[in-house]
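Student: Could we go through this structure together? I keep meeting labels and I'd like to know what stands behind them.

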Amino acid sequence: MITPERFFTAVPPTINMNIRSELFSTNEFTFAVAVILSAQATDKKVNEVTPALFRVAPTPAQMVQLGETGLKQYIRVISFFNNKAKNIISLASELMAYENANDANYKFPEKFHSRDALMTLSGIGQKTANVIMNVLWGAPNIGVDTHVFRLAHRYGWVDASDNTPDKVEEKLLHKIPKKYHGIVNHVMVLHGRYVCRALRPLCDKCPLVKWCNAPDRIL
Ligand code: SF4
């Protein structure tokens with residue numbers, strides 16, 4: 001069977017561990033915007049629109065200046081763009097209260113360096129906060145997205161009663177050794193996206209194949 005120890009030993013050498021997210025961003029604010037846009041959308045789709053958007057609005061101040069209507073022009077091919085535009089403008093407006101709101105190398109003020117504090121900001125729910133904490137600051141938490149959720153079930157690390165991201169995160173935090181917590185999301189997302197896909201997984205290219213007893217493994 002695929003144990004967490006086997007998974008987190010065998011898979012990292014097969015992926016790029018230096019790039020912590022495939023989302024395009026230019027600073028901590030644009031990374032948060034990209035993560036908000038990526039809900040129910042692929043990173044690839046988000047990356048098609050963000051370079052042009054972040055050229056004109058890379059800071060909270062410039063995003064507020066662009067405004068909701070202006071922002072929608074850039075993101076209208078992204079699912080739920082109306083709601084996301086509203087949230088992003090609210091987020092940018094809230095960050096205007098802090099002194100670095102027009103800094104091209106924007107960094108979140110220290111007071112937001114916790115999941116609970118990030119979640120007080122518009123558009124940032126638990127999953128978005130987890131990804132920001134994990135990717136930007138290496139925090140050892142586990143953002144459960146569609147790939148993490150799916151692989152955790154496929155490998156038997158969680159069971160059918162773990163039917164929400166919260167329950168899966170809770171279980172994984174106990175199941176996976178602490179030394180791997182900072183890389184769980186990155187490694188599981190890339191392995192799930194490119195090798196252990198939902199349909200037609202690339203088992204012949206998988207470093208876990210000798211331990212895998214997933215029912216949908218392709219021999
Ligand atoms: S062998 Fe196939 S099903 Fe098993 S982990 Fe690898 S890609 Fe996924």
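**What the labels rest on**

Tutor: Let's start with Ala117: leaving aside neighbours within four places in sequence, Ala117 is in contact with Lys111 and Phe112. Keep in mind that this is a predicted model, where local features need pLDDT of at least 70, side-chain atom pairs count only at pLDDT 80 or more, and totals for chains, interfaces and linings use all residues. Residues are numbered from 1 along each chain as its sequence is written.

Student: What makes two residues "in contact"?

Tutor: Their C-beta atoms, placed from the backbone, have to lie within 7 Å. Lys111 and Phe112 meet that for Ala117.

Student: And where is Ala117?

Tutor: Ala117 sits in helix α6, residues 115-118. Helices here are DSSP runs (H or I, at least four residues), numbered from the N terminus.

Student: Why is Ala117 called partly exposed?

Tutor: You count other C-beta atoms within 10 Å of the residue's own: 20 or more means buried, 12 or fewer exposed, and anything in between partly exposed. Ala117 has 15 such neighbours inside 10 Å, so it counts as partly exposed.

Student: Then how do you know whether Gln40 is buried or exposed?

Tutor: Gln40 has 10 other C-beta atoms within 10 Å, so it is exposed. Gln40 belongs to the loop between α2 and α3, and its phi is near 60°, a positive value in a residue other than glycine.

Student: What about Phe80? Which class is that in?

Tutor: Phe80 has 15 C-beta neighbours inside 10 Å, so it counts as partly exposed. You'll find Phe80 in the loop between α4 and α5, with a phi near 55°, again positive in a residue other than glycine. The C-alpha atoms of Phe80 and Ala39 are separated by 8.8 Å, although these residues are 41 apart along the chain.

Student: What makes α2 largely enclosed?

Tutor: Nine of the 10 residues of α2 are buried, so the rest of the structure largely encloses it. Among those buried residues are Phe29, Phe31, Ala32 and Val35. Their cover includes α3, α4, α5 and α7.

Student: What makes something a "nonpolar core"?

Tutor: A core is a set of buried Ala, Val, Leu, Ile, Met, Phe, Trp, Tyr and Cys residues joined through C-beta atoms within 7 Å. The largest one here has 37 residues, and Ala32, Val35, Ile75, Ile88 and Ile132 have the most contacts inside it. Its largest share, eight residues, comes from α2. Take Ile132: leaving aside neighbours within four places in sequence, it is in contact with Phe31, Ala32, Val35 and Leu118. There is also a second, separate core of 22 residues, including Val11, Ile142, Phe149 and Tyr155.

Student: How do you know that the buried residues of α9 are on the same side?

Tutor: In α9 (residues 165-175), the buried ones are Val168, Glu169 and Leu172. They cover an arc of only 100° around the axis, which puts them on the same side of α9. That arc is taken from the directions from the helix axis to the C-beta atoms. An α-helix has 3.6 residues a turn, so residues three or four places apart point the same way. The face turned away from the buried side of α9 carries the exposed residues Asp166 and His174.

Student: And what covers the buried residues of α9?

Tutor: The cover includes α8 (146-154) and α10 (184-194). For α8, the buried residues are Val148, Phe149, Leu151 and Ala152, and what covers them includes α9 and α10. Just after α8, Gly156 takes a positive phi of about 75°.

Key
Helices (H or I, at least four residues) and strands (E, at least two) are DSSP runs, numbered from the N terminus.
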